[in-house]
Amino acid sequence: MSEALGLEVVAEGVETTAHRAFLVEHGCQFCQGYLLGRPVPIATWEAAHLDAPALPTTP
C-alpha cells in the first residue's frame with residue numbers, strides 16, 4: 001500500500017537478521033532496531049557522528 005501511495009516506510013523493532021531478511025524480501029527499504037544498534041545518550045551519538053568525516057558520495 002505504501003508503495004502505491006509513493007510513501008517510504010521504516011520498520012521499527014528489527015532485532016534479528018531473520019526479521020531484516022523478511023522485511024527486505026517484502027519490499028521494506030528501511031529499518032531500525034537492536035539489530036543495527038542499541039539506544040545511546042545523545043552526547044555519545046553526537047561524539048561518534050558529528051565529528052566523523054563525511055562519507056564519500058557516489059558520482
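Predicted model: local features only at pLDDT ≥ 70, side-chain atom pairs only at ≥ 80, totals over all residues.

A disulfide is a pair of cysteine sulfur atoms within 2.5 Å. Residues are numbered from 1 along each chain as its sequence is written, and side-chain values use heavy atoms, with hydrogens and water left out.

**Cysteines**

Select C28 and C31. How far is the sulfur of C31 from the closest cysteine sulfur? The distance is 6.6 Å, to the sulfur in C28, which is too far for a bond. Seen from C28, the closest cysteine sulfur is that of C31, at 6.6 Å. By the rule above, the count of disulfides is zero. For the surroundings of each residue, the terms are buried (under 20% relative accessible area), exposed (over 50%) and partly exposed (in between), with a 1.4 Å probe and protein chains only. C28 is buried at 19%, and C31 is partly exposed at 24%.

**Whole chain**

Now colour by secondary structure, where helices (H or I, at least four residues) and strands (E, at least two) are DSSP runs, numbered from the N terminus. The chain has three helices and two strands, in the order α-β-α-β-α from the N terminus. Colour next by confidence: the chain averages a pLDDT of 88, and 90% of the residues score at least 70. Confidence is lowest in helix α1 (residues 2-5), with a mean of 86, and highest in α2, at 95. The accessible area, from the Shrake-Rupley method with a 1.4 Å probe and, for residues, only the protein chains shown as cover, comes to about 5,400 Å² for the chain, with 59% belonging to carbon and sulfur atoms. Of the 59 residues, 7% count as buried.

**H19**

Move to helix α2 (residues 17-25) and select H19. H19 is partly exposed, at 39% relative accessibility. Leaving aside neighbours within four places in sequence, H19 is in contact (heavy atoms within 4.5 Å) with G13 and V14.

**Q32**

Q32 is next, in the loop between β2 (30-31) and α3. Its relative accessibility of 40% makes Q32 partly exposed. Beyond its neighbours within four places in sequence, Q32 is in contact with V10, A11, E12, G13 and V14. For V14, 18 residues away along the chain, the C-alpha separation from Q32 is 5.9 Å.

**Nonpolar patch**

Finally, select V40, I42, W45 and L50, which make a nonpolar surface patch of about 410 Å². L50 lies in the segment after α3 (42-49). Is L50 buried or exposed? L50 is exposed, with a relative accessible area of 57%.

Methods:
Patch = residues over 30% accessible without salt bridge, like charges linked within 9 Å, V, L, I, M, F, W, Y side chains within 5 Å. Salt bridge = Lys/Arg side-chain N within 4 Å of Asp/Glu carboxyl O. pLDDT = per-residue confidence, 0-100.
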